[in-house]
Amino acid sequence: MPDQTPSIEALWQAVGFTPNQSQEEAIRHTDGPLFLTAGPGSGKTRVLLWKCLYLIVHQQVAPEHIFLGTFTEKAALQLKEGLQSLLGLVTNRTNQTFDLSKMYVGTVHSLCNRLITDRRFGQKKGADKKITPIDDLEQYFHISNRKIWTAMIAAGGLNDLPDEEQNQYINDYLAENYKKGVSRYNAIMHLMALFNRFTEECLDVATLDKIVTEEPMKKMVKMYTFYLDSLQEKWQEKLDFSLVQQKGLEVMKAFEGEASEKFKYVIIDEYQDTNTIQEKLFFKLAEVTQNLCVVGDDDQALYRFRGATVENFVEFEERCKRYYPKGKPVTKIPLNINYRSRKKIVDFYTSYIGQTNWQKEDDPTQQYRVHTKQISAHSTDNQASVFTTAYLEPEQSFEKIAQFIQTLLNQQIIEDPNQVAFLFPSLGSTQVPKAQATLESLGLRTYAPRAQPFLELPEARNIMGIFLRVFGKPERDPEFNRGDFKNYHDWMEEVYSEAGAAMRQDAGLKALVEHHRNEIATSVSDYKALIAKVETSNELNLDDAYDFEKMPAQLKEASISPSARKSLSSTYLLRQLKKQMDEGGKASFTLRDVITRATSLNWNPLDLFYKILAFKEFKTMMDAAGRSDVQIDEGPIYNLGLLTGYISRFLELYKTVLRAKDLESKSFKRAFFIRFWYTIYKKGETEFENSEDPFPRGRIPFLTIHQSKGLEFPVVVLGNTSTRDGGVRRMEELMKPLLGNQGEPLARMNEFDKARMFYVALSRAENLLIVANYKRGISKEFKAMLAQHQIPVLGANQAAYIPSAKLSAKAPMKAYSYTSDYLLYERCPRQYMVFRKYGFVPSRSQTMFFGSLVHQTIDDLHNFIIDNPENLDLDLI
């Protein structure tokens with residue numbers, strides 16, 4: 001017999017959680033809007049998880065009536081796995097299981113995409129077009145397509161200008177001063193940012209046509225209009241990330257079903273990072289019950305450049321009155337106790353944010369921030385936990401810091417270098433390589449994949465060099481052999497040469513490269529011979545339907561390789577072609593189709609990547625990651641994992657099969673090296689992402705402050721307190737008049753953004769915060785702060801003040817799968833390490849394909865039954 005449902009207090013006791021008064025009030029609140037102001041380290045994620053459990057278990061709210069949104073994949077995964085684990089506590093006591101498959105929990109973009117395709121709200125039977133979401137990279141490739149780009153330029157009235165002047169016009173109008181110029185890449189990126197901002201601010205074309213007065217902006221609006229039209233294709237509608245949100249809002253506005261089908265609770269994490277369209281969506285989702293819970297910290301609002309509107313959070317109570325004029329009152333609960341950091345750290349960062357004047361000019365009683373948070377530390381440890389360095393040259397300051405980190409490791413105060421984080425406003429800072437070089441000179445390895453272009457990482461250079469050796473280098477175009485294109489071709493020359501040196505040292509690697517080059521050459525030769533045979537024949541035509549009886553014999557008269565002959569007479573190939581025709585996949589296959597298939601290679605770049613890993617240099621990287629001693633080094637394997645993600649993206653965007661016709665025409669080389677990898681070379685990884693990257697054992701991570709948001713480390717080094725004042729962002733200057741001049745004043749945006757950025761940096765530290773104080777690297781604000789708080793100078797004897805930090809002591813509970821974890825580990829621990837732990841993308845996984853096929857089949861059957869209840873035969877169930 002199942003036990004009675006345990007009380008929430010009993011569940012808290014089971015996991016050793018004792019919520020404070022505010023946390024408990026937030027968890028138990030069930031009626032009306034809830035405004036949670038959550039300071040750093042206040043346990044907001046824990047509160048959200050327990051709140052969801054309380055709703056599901058103790059308030060009997062069906063999981064599908066809860067919408068739990070956040071903004072990064074990492075945070076979404078943490079919420080999903082954390083909630084599964086907590087509900088598992090209840091299942092263990094009651095035998096009651098909980099199905100979370102229908103619960104809306106994930107990133108806002110993924111949930112909007114789900115809204116669009118969910119038959120409960122969105123696309124119905126017989127929808128005209130398939131909805132196809134595209135990410136930033138696909139959006140870039142869509143706009144950069146030569147046909148679309150040319151037509152879009154013409155739509156904007158710039159087609160009379162030479163190509164470079166077209167780019168110059170766009171960049172001069174949209175770019176920051178340091179990004180002006182003739183770069184087409186920059187022009188595309190600036191237009192993408194503008195288009196996305198138009199959508200996010202709910203500025204449709206009709207509205208823009210009415211309010212835009214500047215001639216250059218009118219041209220941009222015309223290009224935006226063309227861009228939107230270009231996404232509408234015959235059988236599909238493409239939606240970029242911003243348009244996915246717009247479509248999600250449209251779906252909810254158009255929904256005419258029962259109110260009971262809508263969400264009863266809408267919970268949004270990191271609400272200070274929302275934009276205009278997201279605010280409209282969330283209020284719409286919660287309109288039936290008005291149970292909208294928002295959680296965030298306006299002092300950690302870093303994403304203005306992405307269209308985030310911090311006023312959505314600061315003015316939440318007023319916005320509720322606007323959206324729900326006769327609605328329920330807002331309950332405001334501050335989560336203001338920091339459980340993360342020692343007391344002196346909390347005192348330091350709260351003092352820092354408080355020194356900025358946040359008062360509104362027209363009403364000094366009002367502020368541009370929620371100023372009533374009163375953050376305090378749970379810790380009563382009054383020992384020194386914030387240190388600085390002597391006012392020296394940068395290299396000398398970093399040497400003192402490195403020596404202190406080595407002391408912490410030697411005394412086992414920290415167990416691994418990845419418990420230390422170096423934070424910088426930008427990884428483009430000249431101080432970053434100085435800090436790296438100093439640490440490396442003392443034997444402390446660093447991990448900074450975003451401090452340089454991704455393709456400059458040693459692992460990427462090694463793999464790409466071998467790819468160039470196998471497929472051949474693309475030729476330089478004399479017309480474009482300058483600027484970024486010249487630099488990229490120079491880079492290809494370098495890695496090509498490095499791969500040659502590696503092949504001379506490893507005979508096996510040389511044999512692998514030559515084998516694949518020969519395969520390509522044979523495939524191309526066979527293709528040419530077969531095409532020549534057809535063109536010289538009086539009986540054959542490439543566009544004729546393939547005759548399964550006659551043509552194989554006719555084609556084998558050509559001078560082709562044994563493998564091509566075998567392919568042409570392959571009963572399997574012919575059977576598959578006939579099967580596709582019989583099943584209606586294609587009316588007929590032409591002779592051209594068959595020749596293309598028969599001369600295609602049976603491997604792709606990802607297959608080649610995994611063959612390369614078998615060689616000594618890469619095997620050594622694998623072995624280093626699998627060690628259990630102090631020599632463990634996960635940095636290289638994580639970089640290789642990132643590389644598999646990029647190669648997989650290429651295969652998704654382009655063809656997964658290497659066809660001889662593409663290799664012969666060099667279209668593959670253009671697509672692979674010039675179009676795709678050149679874009680990665682230019683675009684790389686943005687410094688402003690909320691980092692989803694792991695922190696490899698054996699390495700000290702270097703992050704931008706933006707990337708560190710939401711993270712915590714036992715030891716944090718603020719490596720630079722100075723930032724370049726580039727003036728007001730150009731995008732804000734352009735958008736301000738279009739938005740009615742609402743929000744924070746342009747003149748103060750930089751001041752506010754800088755204060756919030758460093759507040760985030762200072763609040764990442766748990767046990768030790770080091771503020772680097774060196775010549776030409778300390779700002780006047782921090783110089784005053786260090787003096788005001790009498791911050792001591794770092795010295796080896798001060799390690800005694802630092803408490804020990806264990807690895808992963810605060811790691812969330814993780815849900816494991818029998819098939820994805822246990823069976824995979826049992827079959828091959830190394831394979832489990834590579835694919836499950838380090839996130840490598842498998843090359844060819846029939847298991848994943850089969851699982852997706854089964855899932856899709858079940859989903860199709862489910863939808864068929866919904867759409868055709870009259871045809872349902874209960875005797876078959």
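I count a contact when heavy atoms lie within 4.5 Å. I work on a predicted model, so local features need pLDDT of at least 70 and side-chain atom pairs count only at pLDDT 80 or more, while totals for chains, interfaces and linings use all residues. I number residues from 1 along each chain as its sequence is written, and side-chain values use heavy atoms, with hydrogens and water left out.

I began with Trp677 and, leaving aside neighbours within four places in sequence, found it in contact with Leu455, Met464, Tyr488, Leu643, Tyr646, Ile647 and Phe672. I then looked up the nonpolar core, a set of buried Ala, Val, Leu, Ile, Met, Phe, Trp, Tyr and Cys residues joined through side-chain atoms within 4.5 Å. For burial I use relative accessible area with a 1.4 Å probe and protein chains only: buried is under 20%, exposed is over 50%, and partly exposed is in between. The largest nonpolar core has 128 residues, and Trp677 is listed among those with the most contacts inside it, along with Ile170, Phe198, Phe467, Phe471, Phe609 and Phe673. Helix H30 (residues 667-683) gives the largest share of this core, nine residues. My helices (H or I, at least four residues) and strands (E, at least two) are DSSP runs, numbered from the N terminus. A reminder to myself: in soluble globular proteins, nonpolar side chains tend to be buried together.

**Entry: H16 against H33**

How do the axes of H16 and H33 cross? The axes of helix H16 (residues 343-354) and helix H33 (residues 746-762) come within 9 Å and cross at roughly 180°. The two helices are therefore roughly antiparallel, a label I give to angles over 145 degrees. On the H16 side I listed Ile345, Phe348, Tyr349, Tyr352 and Ile353, and on the H33 side Lys754, Ala755, Arg756, Phe758, Tyr759 and Leu762. These residues divide into nine nonpolar, no polar and two charged. In that sorting, Ala, Val, Leu, Ile, Met, Phe, Trp, Tyr, Cys and Pro are nonpolar, Asp, Glu, Lys and Arg are charged, and the others, Gly among them, are polar.

Is Arg197 buried or exposed? Arg197, in helix H9, is buried, with a relative accessible area of 5%. Not counting residues up to four places away in sequence, I see Arg197 touching Arg304, Gly307, Met731, Glu732 and Met735. The buried residues of helix H32 (residues 730-738) include Met731, Glu732 and Met735. Among the partners that the buried residues of H32 pack against are H9 and H33. After H32 comes Gly740, with a positive phi near 80°.

**Entry: Ala421**

I placed Ala421 in strand E12 (residues 420-424), and it counts as buried at 0% relative accessibility. Its C-alpha atom is separated by 6.1 Å from that of Val717, 296 residues apart along the chain.

**Entry: positive phi**

Gln60 is not a glycine, yet I found a positive phi of about 55°. Gln60 counts as exposed at 62% relative accessibility. Cys202 has a positive phi of about 60° and sits in the loop between helix H9 (184-200) and helix H10 (205-211).

Notes: Axes fitted to C-alpha atoms, helices over the stretch in contact; angles between N-to-C directions. Parallel < 35°, antiparallel > 145°, perpendicular 65-115°, else oblique.
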